[in-house]
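Open the model in your viewer and keep the sequence panel beside it. The stops below say what to select and what is there.

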Amino acid sequence: MAGSRSLPPRTPKEVRRLLQMIDEVNPIIALMLEFSALSGLRYSDVGQIKKRDVMINGVIRDQFELVQQKPYHIRLANGAKQTAAKEASKITVYLTEQCKAVIEDVMNLEPRGVLLFESSKVAGKPYTIQYINRVLKAVAVKQRLTYPLSSHSFRKSYALMLVNNGAAIHQVRDALGHSSIAITDKYLSGFVDESQKLAAKIKF
């Protein structure tokens, strides 16, 4: 439920400042959240990325496919077959130069392990969302933030920056992997001003 309560950092400068503070506590978590802010992926999706997913022939791919965990499990609960649910929940993640830089930093910090953002405490597992949110709460208190911060804040920051950069709502929908514009509109309504939402809907 962290996603429904959290709010995003409002500017790229604020995102960078918070990531620098998180890096002082745990560099892997900082890189994980930076990847979320750059890609719009949920914690549950970033946490499942394997190093082999993003690498080919010793170099970083330009894109890779990923099955989004939340819609996948919703489809299963609604009666979809496993194969059909996976296919419907699959998205393509395009790796920008900044995303590639994050991956390179992770590989330099921790070249071993299966997962891209693997816990140093439990092999083959990501850091728990509870641990990440404890780190973020401590950072929020130290920075005296006027909004709640969680692992989902950085996905929301990605969405907010899309809107601020003039993306139409259908483009935000596609970037976040939502199944409908109605879902995206409801998602944005929690942290985007009404005037910004209206601007996002303008297209020719």
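Select Arg 16 and Glu 34: their side chains form a salt bridge, with the closest N and O atoms 3.1 Å apart. A salt bridge here is a side-chain nitrogen of Lys or Arg within 4 Å of a carboxyl oxygen of Asp or Glu. Arg 16 lies in helix 2 (residues 12-25) and Glu 34 in helix 3 (residues 27-39), so the pair ties together parts that are 18 residues apart in sequence. Helices (H or I, at least four residues) and strands (E, at least two) are DSSP runs, numbered from the N terminus. Arg 16 is partly exposed at 35% relative accessibility, while Glu 34 is buried at 13%. Buried means under 20% relative accessible area, exposed over 50%, and partly exposed in between (1.4 Å probe, protein chains only).

This is a predicted model, in which local features need pLDDT of at least 70 and side-chain atom pairs count only at pLDDT 80 or more, whereas totals for chains, interfaces and linings use all residues. Residues are numbered from 1 along each chain as its sequence is written, and side-chain values use heavy atoms, with hydrogens and water left out.

Next, select Glu 65 and Lys 90, whose side chains meet in a salt bridge at 3.8 Å, N to O. This pair links distant parts of the chain, 25 residues apart: Glu 65 is in strand 3 (residues 63-67) and Lys 90 in strand 4 (residues 90-94). Glu 65 is exposed at 52%; Lys 90, at 31%, is partly exposed.

Move to Arg 112 and Glu 110, another salt bridge, with the closest N and O atoms 3.3 Å apart. Arg 112 is exposed, with a relative accessible area of 62%, and Glu 110 is partly exposed at 26%. By the rule used here, the count of salt bridges comes to seven.

Then select His 170 in helix 11 (residues 169-176). His 170 is partly exposed, at 26% relative accessibility.

Finally, zoom out to the whole protein. Its secondary structure comes to 13 helices and four strands. The C-alpha trace spans about 45 × 45 × 30 Å along its principal axes. Of the 204 residues, 45% count as buried.
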